[in-house]
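Please look over the structure below with its sequence at hand. This report walks through selected helix contacts, strands and backbone features.

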Amino acid sequence: MSELFTEGTSIEDDKAPAGPIAERWDKRRFGGKLVNPANRRKMSVIVVGTGLAGGSAAATLGELGYHVKSFCYQDSPRRAHSIAAQGGINAAKNYRNDGDSIQRLFYDTVKGGDYRSRESNVYRLAQVSVEIIDQCVAQGVPFARDYGGLLDTRSFGGVQVSRTFYARGQTGQQLLLGAYQALERQVAAGTVEMFARHEMLELIMVDGVARGIIARDMVTGEIETHTADAVVLASGGYGNVFFLSTNAKGCNVTATWRAHRKGALFANPCYTQIHPTCIPQSGEHQSKLTLMSESLRNDGRVWVPVKKGDTRKPGDIPEDERDYYLERIYPSFGNLVPRDIASRAAKNVCDEGRGVGPGGLGVYLDFADAIARLGRDAVAAKYGNLFEMYERITGEDPFEVPMRIYPAVHYTMGGLWVDYDLQSTIPGLFVIGEANFSDHGANRLGASALMQGLADGYFVLPNTISDYLAKGPLPKIGDDHEAVVEARESVTDRIEKLLSIDGDRTPDSFHRELGAVMWEYCGMERTDAGLRKAIDRIRELRQEFWTRVKVPGENEELNQNLEKAGRIADFFELAELMCIDALHREESAGGHFRAESQTPDGEALRDDERFAYVAAWEYTGHAPVLHKENLEYEYVKMTQRSYK
Ligand SMILES: Cc1cc2nc3c(=O)[nH]c(=O)nc-3n(C[C@H](O)[C@H](O)[C@H](O)COP(=O)(O)OP(=O)(O)OC[C@H]3O[C@@H](n4cnc5c(N)ncnc54)[C@H](O)[C@@H]3O)c2cc1C
């Protein structure tokens, strides 16, 4: 493997204070420097992204009095991908008196992440979770309530308490509207300047620190320079490297990849979440997959026929010829095992030839028992919009026949490496939300992404960034500064190159092929041989891309092919790093399943002796350099995960 990467010095997070874990966040806030309100007005912060992480951060920084420039590539900040989140948001409120606590949310998250996340960060996340709900209720987010008017909760995978707050199947949308209102209030107040339909294409670094971005106005093609005292990336995840995923089509890696190329380490890129409950792919030309929220596993029962190749209609298969395999294999957690476990179990039964629907790539998610027990109205009240969505896409009514579901790429736990302050290895560059690697280890628990995004944006970043900004304001940077000129040139050169190739293949055709390679070899199951094959194929395809891609049109117009081509070029580089990361991690952990490393009953087998570390990769332009951050567990004992 030595030809693929080299190993560098180890890395550590020196920002999390020592001492009792419950006191660390308080200690850090007290230890960090502050910026007084009058000085905040003299400082500016760029926030790339207006999803739950970026929207909440920009609003809060604006409220604090900083001058904020907020960017998104959609036509409105309100259309960030966070709007798609369905099921809910976790918080350790213990409203149900079912034994929940900050300690339990912390424990569940560390265990759920297969002991590959940092204890200090996860504990803080659990602490802050309770504040998020109060903040959002105060904003008027219409969380579901029970008959008595109290906030309702439901359960998500990997836990035995009910701590997920929700707004029907539209939790992300409602939370985003809350953040958006707060953001717009600051736009009106003049603290936040909004740049919609702007795509960050490069990071500006001056004297080793992040000082701004180069962005393209996606309507006119104008290349703009924006400078500030600090830059925050809240640009979301990179699941679309697989082409088919549950992410919005626009989600991409460009913002974080450009920063990576400028020196920010990229951590655990191979940790991808494959969600067990998505509508199966229906054809070759499909370009998007649809999630069916995990919340459905509260009441839906997952099963396949006992017999291989059973093509009878589900209603014709009697009870004793059905295998409720999750309930059978994992009696303690049943249908609510974590996502990585449920996805692998679905793959296993399909590989055995017991899958249902076209190609045998599906399992049933059946609501018949819930409808009989709770009544149709109660089921509709909880999941109505999800049932409607399913029916519109498949033409089948889940009240009458079980849903058919299959695993699909959904979330990326990897991202830019950040310390406890959420600062990357580039001073002045902070990374929040799905774009960083911070809290979920090798597998994220359901309803924890919204929690992390809002924790980062409303509560963590606004407190930690002041310690950095207290050094400022930094000297102003003119457009003629050599760092700006160089960054602009690299953007314009790349655009010109993409437009000039004038080949014979569409950007999408490359993306589709790259995605197929990634799904085959770096998807639900990975092997040494497969990953090596993938790396070779990705390199060939990338070369072909740079000689054969055709990008019609000009830069000086709305040009979606140009946008796509730039993003796909970055996906190629990321894909190779993901495969190298997956290849070097010769263990299974959470969503990273190496076929060579499994227990006798087929569960992921970690190798803590060799791999209890965060793999943080440095860009070199050729073989990347691996920096290891060792993970130590003082408060949770590392064990073989069991949900049986
Ligand atoms: C279908 C679906 C359902 C989900 N349901 C849940 C759920 O119920 N609970 C849960 O906890 N999680 C859920 N998740 C995960 C969760 O929605 C995401 O992880 C989370 O919303 C990401 O938020 P974010 O703010 O980090 O990024 P995003 O919401 O993806 O926002 C990214 C922002 O960055 C901007 N951006 C990106 N690149 C650039 C660039 N180069 N230049 C300018 N702007 C840029 C975009 O315009 C956008 O504004 C779900 C995910 C999916 C796909």
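What follows takes helix packing, then the strands, then the loops.

## Basis

This is a predicted model. Every value in this report is computed from it.

## Helix α3 against helix α12

Two packed helices are described by the angle between their axes and the distance between the axes. Start with helix α3, residues 52–64, and helix α12, residues 448–469. Their axes come within 8 Å. They cross at roughly 30°. An angle under 35 degrees counts as roughly parallel, so α3 and α12 are roughly parallel to each other. The crossing of α3 past α12 is right-handed.

Which residues of α3 meet α12? On the α3 side they are Leu 52, Ala 53, Ser 56, Ala 57, Thr 60, Leu 61 and Leu 64. On the α12 side they are Leu 450, Gly 453, Leu 454, Gly 457, Tyr 458, Leu 461, Pro 462 and Ile 465. By class, the contact of α3 with α12 has 11 nonpolar, four polar and no charged residues.

## Helix α7 against helix α16

Helix α7 spans residues 254–261. It packs with α16 at an angle of about 60°, and the two axes are 10 Å apart. The angle makes α7 and α16 oblique to each other. Their crossing is left-handed.

From α7, the contact uses Thr 254, Trp 257, Arg 258, His 260 and Arg 261. From α16, it uses Gly 566, Arg 567, Asp 570, Glu 573, Leu 574 and Leu 577. The contact of α7 with α16 divides into three nonpolar, three polar and five charged residues.

## The five-stranded sheet

Five strands form an open sheet. Their order is β1-β20-β19-β11-β17, and the pairing is mixed. Which strands sit at the edges? They are β1 (6–7) and β17 (415–416), each of which pairs on one side only.

Strands β19 (residues 613–618) and β20 (residues 625–630) pair in the antiparallel sense. Six bridges join β19 and β20. In one of them, Tyr 613 has Asn 630 in β20 as its bridge partner. Helix α16, residues 560–584, packs on the sheet. There α16 touches β11 (266–267), β19 and β20. The direction of α16 makes about 145° with that of β19.

Strand β12 covers residues 272–278. Is β12 mostly covered or mostly open? It is mostly covered: seven of its seven residues are buried.

β12 pairs with strand β16, residues 403–412, in the antiparallel sense. Five bridges connect β12 and β16. Gln 273 stands opposite Tyr 411 in β16.

Val 401 is in the loop between α11 (376–394) and β16. Its relative accessibility is 32%, so Val 401 counts as partly exposed. Val 401 and Asn 335 are 66 residues apart along the chain. Their C-alpha atoms are separated by 18 Å.

Helix α4 runs over residues 102–112. Its buried residues are Leu 105, Phe 106, Asp 108, Thr 109, Val 110, Lys 111 and Gly 112. That list includes Asp 108 and Lys 111, and both residue types count as charged. The buried residues of α4 pack against α5 (119–139) and α12.

## Backbone exceptions

Most residues other than glycine have a negative phi, and most peptide bonds are trans. Several sites here depart from that pattern.

Asn 97 lies in the loop between β4 (89–90) and α4. It is not a glycine, yet its phi is positive, about 55°. Is Asn 97 buried or exposed? Asn 97 is exposed, with a relative accessible area of 67%.

Asp 114 follows α4 and has a positive phi near 55°. Tyr 115 is in the loop between α4 and α5. Phi of Tyr 115 is also positive, near 55°. With a relative accessibility of 0%, Tyr 115 counts as buried.

A cis peptide bond joins Gly 472 and Pro 473. Its omega is about -5°. Pro 473 is placed in the loop between α12 and α13 (482–501).

How values were computed:
Residues are numbered from 1 along each chain as its sequence is written. This is a predicted model: local features need pLDDT of at least 70, side-chain atom pairs count only at pLDDT 80 or more; totals for chains, interfaces and linings use all residues. Side-chain values use heavy atoms; hydrogens and water are left out. Axes are lines fitted to C-alpha atoms, for helices over the stretch in contact, and angles run from 0 to 180 degrees between N-to-C directions. Helices (H or I, at least four residues) and strands (E, at least two) are DSSP runs, numbered from the N terminus. Angles under 35 degrees count as roughly parallel, over 145 as roughly antiparallel, 65 to 115 as roughly perpendicular and the rest as oblique. A crossing is left-handed if the near helix is turned anticlockwise from the far one by less than a right angle, and right-handed if clockwise. Contact means heavy atoms within 4.5 Å. Two strands pair if DSSP finds at least two bridges between them. Buried means under 20% relative accessible area, exposed over 50%, partly exposed in between (1.4 Å probe, protein chains only).
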